[in-house]
Amino acid sequence: MRFLHLLCRSIILFLAVTSGVSRSWAQGYPITPVAFTEVKVDDRFWGPRIETNRTVTIPYAFQQCVTTGRVRNFEIADSVLRGIIPKGAFCSRYGFDDSDVFKIIEGAAYSLHTTYDPRLDAYVDSLIVIIGRAQENDGYLYTMRTIDPEKSWAKERWVNDRAKSSHELYNAGHLYEAAVAHYAATKKRSLLNIALRNADLLCATFGPSGMHTVPGHQVTEIGLAKLFLVTGQRKYLDLAKFFLDERGHPKGELYNQDHLPVVDQREAIGHAVRAGYLYAGMADVAALTGDESYIRAIDAIWEDVVGTKLYVTGGTGAVGNIEGFGPPYDLPNLSAYCETCASIANVYWNFRMFLRHGDARYLDIVERVLYNSFLSGVGMSGDRFFYPNPLEAIKSRERSPWFACACCPSNIVRFIPSIPGYVYAHRRDTLFVNLFIGGSATVPFDGGAVSIRQSGEYPWQGNVAIAVDPGVAREFTVAVRIPGWAQGHPVPGNLYRYLESDSHVAFTVDGKPYPLEIDRGFLRIRRFWKPGDEIVLTLGMPARRVLAHEKVLADRGKVALERGPLVYCLEGPDAPDGHVLNLVLPDNAPLQSRFESNLLGGVEILHGSALATRRGAKGLITVERGRVVRAIPYYAWAHRGRSEMTVWPAREVKAAKPLPAPTIASTATLTTSGGEGSEAIVDQMLPKSSNDHGTPYFHWWPKKGTTEWVQLDFTKPETVRRVAVYWYDDTETGECRVPAGWRVLCRKGEEWKPIPSPSGYGVLKDRSNEVKFPPVKAAGIRLEIQLQEGWSAGVYEVWVK
Ligand SMILES: [Zn+2]
């Protein structure tokens, strides 16, 4: 019995070590992915991105962890533990900052396996030593608390995790994932031993007869499932299941999906990254335990997301202040959150759904996320990042070098080198081709390994050649995914549809055409394969127009553009006047595409003719025809400075945002005392209410209680008699309120003087607040605004007459 147990354990260990991480984590699923270690990418699109991640992003992110004190935190914790200092000062901001170091090690491990780099290997080893020294005797590892419990998010261990998200358990989850990756890639147990000591502490602490809680931020479940697969120790899987089953007992917050037992959940709710990790963890535990109740829940949740809560880019999480899901069909573009981490979590979840169900529709989501909402998150230079990835922008967005909360950059670091692991999979004698990424792979399946090689110009061209080499001729099935977009469906369900229904898919095997029979999204070719056989797939890639379900108010009268797997956007630098939100793309205006090798690293652009709208003096909208319009792939936006951008340009004049009429305010030079989004102040776009996230607004957040100003310097002295303001106020969702008060000053020479006899300064919500006064001649005006104590403020629009 004991011998058998040991034997099973060594087999699992052997599999984990020899076949790489993505094979090991997927044990228990009916379909097995071909591990990233078995896939060699030689792809003109992804190859350079993976190489940039290796040569730029990984060292850059490690350096950021040093300069921001994340590495120092481990060293200080070590000094405290050895009694050199009684307590210290945590150097960075968040209790989960340890997790960034773990995630970057995970990415470095994948990368080391693909391209060995002795310096990187040695650096990771040195970091692991530092991490190990920060671990307490019983396995606890959370530097913020070790450094100074009183000033930490966890004065007592674990008790703040569930409701206040101390992130002790979240850190642990990322530690386990990193440890498993590092072990699989390098065969070194150094980080794995640290992880196992920590996991043993968790197993001894939590459980039916121990402490009852759940991680405030999920990922622990995924990590524990991986530890089970590496060690064969059932207790880790049991704890993952325990953490799942405790959720909703007692009823906790919607925000972290603690409002209901997970098996009773049917809607995607709350924080989108937590949700994605939770659903992926449920899929893993279901695969490893055979418990179908998790699958019933995540199947329903998947329908909810894909049918009502998914952006056309594949992004999820519409609501910024909870970083999470909004109500069904509520998909604002300007304020879309679409956190980069949520895209990664969405890939994790959907790929597991494919491994479970074998249907290509889940891979359609994986591909959509990969080429669009995810890839937008990292600039081509590899050292600039987006946290939210909105679908519309006024001139306020550019990628950042880093973030105080650095979850997204560190997640990008670990995700990119793992992409090869999503390309192929197998089940008994069926070999799945999931994604079209050039390169070769060895697929270890029934009857011996099969070599496969893909080449082509995807995503720019739809011709893909797939060479299959079984060594010796034998019968099996090659299942090639025919993307939903190529069959006329942008996504499963009816949230989005193509305006045109044309689709063109053809294929040949050894030069002979075959009838196209698609089964659950796969073209299944069963035959005796012999060395030298080749499948040539042709997917038509016309420019396509996408329309959203009519319940998506934000997209009414609008159209998105796609070509192949790529979603496109219009961006300021491609418009002669820098404006794109005022453009209208009528349905009948033809669209062509061409490859521009010198633009944005080489991209296929779409081009055609549009209408341009402008507001006239009396508010009437004028339309100019024949405006040349160009669209670029969405992932490539924000590489040419801050500018306007939209994924959903208007297809009807009434849905466009016309350029403002020439008024005193719109022609003035506008300055503000800091704040974000000042161009909104004179754009003449009226919100539906003071909390309308579909209309651009300006805000001073996070400033609170201060005196601020908005200033308009006129092109020439003007006689002014009325000024009106529409205040932004996000009561119940944010920290902006109408101000405590305001006044108007006018400029005469160098002096600012209050206007005489004002009629009153309103601070009402959901309407414009107008102040009248006797005519004054001024070179400019300044609105001086007193923010309420403890609150910030914002402005949609200022009018001057
Ligand atoms: Zn993030």
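**Note on the predicted model: strands, zinc site, confidence**

1. Arginine 544 has glutamate 562 as its bridge partner in β17. Strand β17 covers residues 560-563 and runs antiparallel to β16, with three bridges between them. Strands here are DSSP runs of E, at least two residues long; helices are runs of H or I, at least four long; both are numbered from the N terminus. Two strands pair if DSSP finds at least two bridges between them.

2. Ground rules. This is a predicted model, in which local features need pLDDT of at least 70 and side-chain atom pairs count only at pLDDT 80 or more, while totals for chains, interfaces and linings use all residues. Residues are numbered from 1 along each chain as its sequence is written, and side-chain values use heavy atoms, without hydrogens and water.

3. Confidence. pLDDT is the predictor's confidence in each residue, from 0 to 100. The protein chain averages 94, and 97% of the residues score at least 70. Residues 1-23 stay under 50. For that stretch the model has 37 contacts beyond four places in sequence (contact: heavy atoms within 4.5 Å).

4. Strand β16. On its other pairing, β16 runs antiparallel to strand β10 (residues 496-498), joined by three bridges. Tyrosine 496 has alanine 548 as its bridge partner in β16. Five of the five residues of β16 (residues 544-548) are buried, so the strand is largely enclosed by the rest of the structure. Buried means under 20% relative accessible area; exposed is over 50%, and partly exposed lies in between (1.4 Å probe, protein chains only). Arg544, Val546 and Ala548 point one way, Arg545 and Leu547 the other.

5. Zinc site. Four residues coordinate the zinc ion at 2.0 to 2.3 Å: Glu339 (OE), Cys341 (SG), Cys407 (SG) and Cys408 (SG). Donors are N, O and S atoms within 2.8 Å of the metal (3.2 Å for Na, K and Ca); water is not among the atoms, so sites may look incomplete. The donor spacing along the chain is E-x1-C-x65-C-C. Cysteine 341, in helix α15 (residues 340-357), and cysteine 408, in helix α17 (residues 407-415), link distant parts of the chain, 67 residues apart. Both cysteine 341 and cysteine 408 are buried.

6. Zinc geometry. The donor angles run from 99 to 118°, which makes the arrangement tetrahedral. The ideal angle for four tetrahedral donors is 109.5 degrees.

7. Open sheet. Seven strands line up antiparallel in the order β2-β6-β7-β8-β15-β11-β12. β2 (39-41) and β12 (512-513) stand at the edges with a single partner strand each, so one side of each lacks a neighbour in the sheet. Six bridges join β8 (residues 463-469) to β15 (residues 533-539). One of the pairs to check is alanine 465, whose bridge partner in β15 is valine 536.

8. Hairpin. β4 (residues 424-427) pairs antiparallel with β5 (residues 430-433) over four bridges. Arginine 427 stands opposite threonine 430 in β5. Two residues lie between the strands, and arginine 428 takes a positive phi near 45°. β4 also pairs with β1 (residues 32-33), antiparallel, over two bridges. Threonine 32 has histidine 426 as its bridge partner in β4.

9. Helix α14. The 18 residues of α14 (residues 292-309) should span 26 Å at 1.5 Å a residue; the end C-alpha atoms are 25 Å apart, which agrees. The expected span is 1.5 Å times one less than the number of residues. α14 is mostly covered, with 13 of its 18 residues buried.

Notes: Four donors count as tetrahedral if all angles lie between 85 and 135 degrees; four count as square planar and six as octahedral if opposite donors are over 155 degrees apart and all others between 65 and 115; anything else is irregular.
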